[in-house]
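Subject: Model for your files

Hello,

Here is the structure I said I would send. Please open it alongside this message.

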Amino acid sequence: MELKEYIEEEFKHADQSLLEALKDLTPEEIGYCPGPQCNSIGFILWHLARGEDVWIQTVALNKPQVWESEGWYQKFNMSSDPMDLGYEYTLEQLNAFSSPPIDALLGYYWTVRGRTLDYLHSLRPEKLNEMIRDPWSMNMSRGATIAHLIWELNQHIGQIAYLRGMQRGLDK
C-alpha cells in the first residue's frame, strides 16, 4: 500500500466513525454540554472541520480557507476570522456557541474533506519532508502536518462518541 492510500484509508475510517457517532442524534443531543466548561458535539464537529481547513488551506497550501472562500462563516452566522476555530475559547465564548444544524456542520466538514483529499492527491512523496510554517510559529513538515491532522481527527471523533454514549448509553 502506498503512503497516500494509507492516509486516505485513515480518513475513511475516521469518517465512518464520525458518521456512526452522529447517527440519529437530535439537535438537543448535538448541542448537549455535560458541564459549563465542556464542548458540545456540535462545537467539536465545527472545531474539527475548522482545524482541518486551517491546517490544509492556510498552513499547507497558503490559500484562503473554505470558511472564507465559500462563505461558510456566513452560513453559520459566525466570524469571518480565518483563525477562529474555537482554540483557546474563553468560557464566555464557549457558552455563547450555538451549534449550527447537523446538515450544515456536515456540509462544511465534507467540503473541507474534499479539499484535503485534493491536496493529498496532488502531493508528491518528496514534498512530505518539506518544512512549512504554521500560524502558531511551529515548523512542521508537510507529512507531520498530515499526521497531526489524523491525530486531531481521532481525538475529536472519540470525544464526540463519548458524548453520544453519555447521552444514550452503550451501543444506542
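Below are notes on a helix pair and on the aromatic residues.

This is a predicted model, in which local features need pLDDT of at least 70 and side-chain atom pairs count only at pLDDT 80 or more, while totals for chains, interfaces and linings use all residues. Residues are numbered from 1 along each chain as its sequence is written, and side-chain values use heavy atoms, with hydrogens and water left out.

Helix pair

Helix α3 covers residues 41-60 and helix α7 residues 102-122; they pack at about 25°, with axes 9 Å apart. Helices here are DSSP runs (H or I, at least four residues), numbered from the N terminus, and axes are lines fitted to C-alpha atoms over the stretch in contact, with angles from 0 to 180 degrees between N-to-C directions. α3 and α7 therefore count as roughly parallel (angles under 35 degrees). Contact means heavy atoms within 4.5 Å; residues making it include Trp46, Ala49 and Asp53 of α3 and Tyr108, Tyr109 and Val112 of α7.

Aromatic residues

There are 12 aromatic pairs in the structure. Rings of Phe, Tyr and Trp (its six-membered ring) pair if their centres lie within 6.5 Å, and planes over 60 degrees apart count as edge-to-face. Tyr109 and Trp110 have ring centres 5.0 Å apart and planes at 80°, so this pair is edge-to-face. Tyr109 is buried, at 1% relative accessibility, whereas Trp110 is partly exposed at 35% (buried is under 20% relative accessible area, exposed over 50%, partly exposed in between; 1.4 Å probe, protein chains only).

One aromatic cluster includes Trp46, Trp72 and Tyr108.

Regards

Conventions. Rings of Phe, Tyr and Trp (its six-membered ring) pair if their centres lie within 6.5 Å; planes under 30 degrees apart count as stacked, over 60 as edge-to-face and the rest as tilted. Helices (H or I, at least four residues) and strands (E, at least two) are DSSP runs, numbered from the N terminus. Angles under 35 degrees count as roughly parallel, over 145 as roughly antiparallel, 65 to 115 as roughly perpendicular and the rest as oblique.
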